[in-house]
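Hi everyone, thanks for coming. Let's take a few minutes to look at a structure together.

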Amino acid sequence: DLGDVLRVPRLSAAPAIDGQLDARAWQRAAEITRFFQNVSRLRPIETSPATRVRLGWTDDRIFILVEGDEPSTDNLRIEATQRDENAWQDDCVEIFFDANRDGRSYHQIVVNSLGTIFDQYSDGSSPQGDLGWNADMEHAVVVSESGWSLEIGLPLAQLTESAGPISGQVWGFNLARIRQEASEYG
């Protein structure tokens, strides 16, 4: 019923939201290093090049760092430049939070390699979410010759009515890195 379960630890200090790996701030974070292509085949196929994700939280925020390698960043697809444009059609990171695990309601945040945000909330009552919901988050993107990274600091109050994480609480969560040139959703 749960799929993969990842225990997200409390960080000893909040990382600076600058798109860089600060080893000290992220040292206690949970790490995800294996991503698989979203294809309808019987065997999983790992994505390539590598994607690395770190997650952690403090009293009032959840932090996510995504680092994605690229053979070259010259061909990153970037078309969305305004908030709530179709950033998911670009090279991007797409994140879903289902804090109450009802399988219907969710918060969706998409950030492309330019830093453009698409975000919405769906209560599950219609196929289209509420584009009026805007995540009040800090984020930073860094693009280098060999990849790009995204760092996010998101207030927990944006995702749940509780004051913060409760020990043993299970959330639904999905994170995908989308590479348009390679037609890869991993």
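I'll start with a sheet and then turn to the cores.

First, some housekeeping: this is a predicted model, where local features need pLDDT of at least 70, side-chain atom pairs count only at pLDDT 80 or more, and totals for chains, interfaces and linings use all residues. Residues are numbered from 1 along each chain as its sequence is written, and side-chain values use heavy atoms, with hydrogens and water left out.

Now, the sheet. Five strands make an open, antiparallel sheet in the order β1-β2-β3-β8-β7; strands here are DSSP E runs of at least two residues, numbered from the N terminus, and two of them pair if DSSP finds at least two bridges between them. At the edges stand β1 (30-32) and β7 (138-144), each with a single partner strand, so one side of each has no neighbour in the sheet. β7 and β8 pair over seven bridges, antiparallel, and Ala 140 has its bridge partner, Glu 151, in β8.

On to the cores. By nonpolar core I mean buried Ala, Val, Leu, Ile, Met, Phe, Trp, Tyr and Cys residues joined through side-chain atoms within 4.5 Å, with buried meaning under 20% relative accessible area (1.4 Å probe, protein chains only). The largest has 23 residues, and Phe 97, Met 137 and Ile 152 are among those touching the most other members. β8 (147-155) is one of the elements giving two or more residues, and its four are the most from any element.

Which residues does Met 137 touch, leaving out those up to four places away in sequence? They are Ile 109, Val 111, Ile 117, Ile 152, Gly 153, Leu 154 and Pro 155, with contact meaning heavy atoms within 4.5 Å. Finally, a second, separate core of seven residues includes Ile 17, Ala 29, Leu 65 and Ala 140.

Terms used:
Buried < 20%, exposed > 50% of the residue type's maximum accessible area, 1.4 Å probe, protein only.
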